[in-house]
Amino acid sequence: MKLRRQLALISLIALVLPWALGQYLQVFDRLLREGQIRALSATAEAVAARLGADTALLDNAQLSNRASLDADLEIYAHTLTSPPMVDGDGQDWQVLALTPRLFTSDVNTATDDSLTFKLSTGVYGDSLFILAEVTDHERRFHHSGSTHLASGDHLIIANQQKLRGSRYYAIRAQAPGRIEAVYRDSVGQRQTDYRIRGFWRETGEGYQVELRMPLTMASEGFAVSAISQQSGAKRRAAGTASPWAEVAGGPDVGVLPGTEGRLIQQQPLLGDALSVFARPGMRLWVTDRQGWQVAQAGQLDAVTPSRQPLLQWLLDFAGNRDALPPWQPSHSGRLQQGPAAAALNGTVDYHWYRNGNDDIASVAAPLYLDWPSAGAVESQLAGAVVIEQRLQPWQGLGSSALARLTWISAISGALLIIVLVGYASWLSARIRRLSRAANEAQSLPLPQALKQWPHYRLNDELADLSGQYRTLLTQVHGHTDYLKSLTGKLSHELRTPLAIVRSSLDNMAANVDTPRASDEPLMVYLERARLGSERLSAIITAMSEADRVEASIKASEPEVIDLAELVNDMAAAYHSAYPNHRFTATISPASTGAYQSLATPELLVQLLDKLVDNATDFSPADTTIELQLQVCQDDELGLSYRLSVCNQGPGLPPELEGRLFNSLTSLRSGPSGVNPSGQPSRVHLGLGLYIVELIAHAHHGRARAHNTADGVCFMIEFPARSPGMSAKRPETYR
Amino acid sequence: MARTIAIVEDEQAIADNYRDALTRLGYRVNHYLNRPSAVAAFNQALPDLAIIDVGLGDDVEGGFELCRELRSRAPELPIVFLTARSDEFDVISGLRLGADDYLTKDIGQAHMLARINALFRRIDALRQPARADDTLTRGELRINTSRMSVHWREQPIDLTVTEFWILHSLALHPGHVKNRQQLMDAANVVLDDNTITSHIKRIRRKFSQCDDSFDRIQTAYGMGYRWREAP
């Protein structure tokens with residue numbers, strides 16, 4: 001994996017920072033919430049303790065003696081903010097948003113034609129308001145001739161009044177419109193009670209009745225049921241008066257048990273006592289053992305207007321608010337779920353709810369009569385104290401604290417990442433620079449490579465490495481240069497002893513000018529020594545070839561020549577020089593005059609000689625060697641010529657990649673020796689392609705080699721130089 | 001009287017070998033190991049021909065210096081450089097200093113002796129009247145083989161022995177391409193291709209000095225050179 005990719009991968013670790021910040025925020029949020037709940041719990045318990053100690057107050061609110069009562073028989077009367085119009089129309093009740101109490105007949109086997117009875121009850125001032133919505137598919141009105149209190153569908157109200165005892169009313173109507181509330185007095189006479197007023201109205205599924213009566217009529221006991229008169233004197237009933245309402249005759253029966261049903265309503269005295277604890281934004285409830293809300297104080301704050309989206313998102317995230325249940329205010333008058341249920345089991349409990357942009361905390365504490373700390377032997381659960389408050393965990397710190405904390409963390413995190421990634425990038429850039437320089441140094445001449453060698457201002461290990469590499473490179477190049485000059489020096493040094501040998505041999509040969517028989521072996525040896533010295537001479541010449549080419553490049557005088565003519569002539573010349581190969585010359589485009597350029601023909605000829613010599617050595621006999629000359633437009637060189645020699649031999653080995661044109665590099669294996677014809681074979685010191693490159697450079701061009709589909713192509717590219725473009729070289733030797 | 005050849009060579013063995021060979025041919029040979037001794041001897045008496053090594057011991061360019069001195073004293077004296085070095089720079093330097101020929105040390109003795117003979121022949125020819133039958137005429141070119149002189153448009157062109165034989169070989173068969181080997185054989189030299197090329201260039205330049213439009217020596221790429229007849 002490249003350094004750059006490693007770096008990118010490693011910097012992914014920085015993503016841990018936002019995650020950690022998130023965890024931190026969530027923990028902090030939890031802490032804040034716990035603190036707020038603790039405060040609320042303390043308040044709730046204090047309220048419970050205070051109220052529990054006030055036995056008179058609880059007695060007055062009828063919280064103390066209700067242990068045996070059944071919530072199903074109790075009806076909760078909401079405290080209304082405005083009186084509904086008693087006109088049989090339920091529209092004005094809907095504004096109050098109360099949850100009606102639902103009763104059905106046949107609780108166990110509910111069918112479509114079951115009788116259902118929805119009861120809404122409210123208190124305003126001294127009046128009790130009742131809205132009864134009844135679903136009854138088979139409707140009968142009261143028959144005026146009946147001796148029964150009610151002969152059709154009707155409601156019954158059972159109550160217990162002070163001084164008057166139990167009384168059962170039938171609420172009936174002969175037709176939609178005003179109702180009659182009738183009862184039998186103590187002697188069985190049918191009476192109408194005009195204190196109960198109301199209106200009967202037909203609806204699609206049944207009927208609805210709206211009633212208004214004095215609150216005093218419900219002070220002791222109270223029960224309501226709807227009775228459906230079926231065919232065959234059969235009756236069905238739904239409501240709190242049910243158990244006996246279905247009895248044939250109903251209220252008409254002379255003696256009936258007292259009602260157990262109760263009307264529950266808020267207790268103003270208890271409410272006053274509770275309002276002492278109320279603080280702005282906090283709502284307190286007291287419930288009885290059944291969860292009925294018997295007292296209320298305080299109001300919840302209005303929903304906070306929307307915050308900045310980012311801040312809101314942070315708050316949602318920190319509080320994990322998506323997991324909170326939505327706030328559902330109770331409209332039924334009874335708290336049966338949430339913390340209140342736990343408190344009615346005797347434990348303090350709390351719950352968070354989501355409501356708009358805020359949260360609502362609900363805390364409930366059990367309310368005991370004879371609070372243990374008040375010295376009573378045994379405490380008795382009387383209900384629960386519930387406190388609700390619209391809260392924002394970060395409120396105490398200010399929401400801006402959260403934003404600030406987040407910003408600080410984000411900025412410091414970002415800074416950390418930038419610095420770390422920046423440092424790593426810088427480090428890797430330096431390493432890559434060194435690596436690139438080392439890579440380029442393979443192909444560049446030493447002075448240029450050293451000039452481009454990175455200098456690090458910071459004196460660290462990397463700078464040391466760079467310096468060591470530089471030293472190494474200098475040594476390697478020094479060694480190569482030494483090797484390069486060694487051949488030249490050696491050839492010079494060897495020439496003198498060789499001259500001694502040759503001249504000695506010549507002298508010897510001259511001394512045996514008149515050979516005798518005894519001299520014959522001597523002549524053979526002389527001839528062998530002469531051949532050997534000639535080979536040595538050829539080797540010495542080959543060794544100094546590069547030096548001589550360099551010298552002739554220095555002395556070369558470019559002239560205007562036609563390159564196309566040169567290539568054509570050379571192809572023809574090679575044709576006769578290498579009879580085992582075919583030569584073709586391809587000039588494209590073949591326009592005359594396009595190839596007039598300033599060049600040194602001897603050098604180009606020498607270059608072609610080297611390339612063709614190579615090509616014939618490496619390609620099989622009878623294959624074609626192609627000489628190509630092209631005009632091309634090069635990014636680097638501009639308008640340039642490409643001179644290439646392609647053969648059909650084996651491809652270049654990859655290990656020579658990049659150093660093919662180096663001095664003393666050879667593809668050839670095996671020692672040079674005498675070929676079968678007895679002629680000394682050519683000496684190959686790996687200078688041929690080096691000379692090619694020297695000549696390419698002398699023409700301001702470059703040499704390249706690449707494998708083609710069926711062989712190898714060597715080429716040089718050099719810029720076109722029209723005669724006028726280049727000033728004539730100063731003539732050094734004349 | 002035997003001709004005197006002076007060999008100035010720091011390598012005793014080579015000098016001895018050459019002396020033996022030349023003595024065998026009837027020349028009188030004096031050998032000097034370094035420049036001062038050679039200069040001292042030349043002050044006494046000039047030789048008929050001098051063979052000078054370019055590098056004389058620690059005196060790397062001593063041969064050139066000696067050549068300069070000798071040439072100033074005797075303009076007609078044939079001087080031959082003999083050196084282990086073969087790069088073109090030395091060849092050119094030597095010839096510019098007025099040497100008549102330039103030989104590398106690994107030249108065969110036969111070749112060397114042929115060159116020395118040729119030089120003496122030229123000296124001799126200069127002292128005798130020119131013979132018409134020794135003259136080769138190609139348009140405006142006139143070559144006298146016995147005097148080894150060349151004239152272009154009646155102006156003398158001063159060529160070295162090697163240059164002379166190269167030109168002679170080209171002009172002998174106008175239009176025929178002579179490859180390098182043929183030219184080397186004609187001039188009795190063993191040179192590498194580059195040196196032949198620079199000889200050709202030098203010949204062209206010498207002609208150009210008296211005729212700007214000279215273009216008779218043509219290059220046949222990859223083959224050699226040819227003498228082009230006047231159009």
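**Close-up views of a two-chain predicted model**

Of the 734 residues in chain A, 33% count as buried, where buried means 20 or more other C-beta atoms within 10 Å of a residue's own, exposed means 12 or fewer, partly exposed falls in between, and C-beta atoms are placed from the backbone. This is a predicted model, so local features need pLDDT of at least 70 and side-chain atom pairs count only at pLDDT 80 or more, while totals for chains, interfaces and linings use all residues. Residues are numbered from 1 along each chain as its sequence is written, with chains lettered from A and ligands numbered from 1 in the order in which they are written.

**View 1. Chain A as a whole.** Chain A has 16 helices and 26 strands; these are DSSP runs numbered from the N terminus (helices: H or I, at least four residues; strands: E, at least two). Take the contacts in chain A between residues at least 6 apart in sequence: 65% of them join residues at least 24 apart. A contact here is a pair of residues whose C-beta atoms, placed from the backbone, lie within 7 Å.

**View 2. Where chain A meets chain B.** Here 29 residues of chain A are in contact with 28 residues of chain B. On the chain A side, H11 (461-511), H12 (520-543), H13 (545-555), H14 (563-577) and H15 (601-618) each supply at least two residues. H11(A) gives the largest share, 12 residues.

View 3. Zoom in on S8 (149-152) of chain B and you'll find 3 bridges to S9(B) in the antiparallel sense. Val150(B) sits opposite Ile157(B) in S9(B).

**View 4. The S17-S18 hairpin of chain A.** S17 (349-355) and S18 (358-369) of chain A run antiparallel, paired over 7 bridges. His351(A) has Ser362(A) in S18(A) as its bridge partner. The hairpin has 2 residues between the strands, and Gly356(A) takes a positive phi near 60°.

**View 5. Around Ser330(A).** Look for Ser330(A) in the loop between H7 (309-318) and H8 (339-344) of chain A. Ser330(A) counts as partly exposed because it has 16 C-beta neighbours inside 10 Å. Its C-alpha atom is 9.9 Å from that of Gln293(A), 37 residues apart along the chain.

Terms used. Contact = placed C-beta atoms within 7 Å. Pairing = 2+ DSSP bridges.
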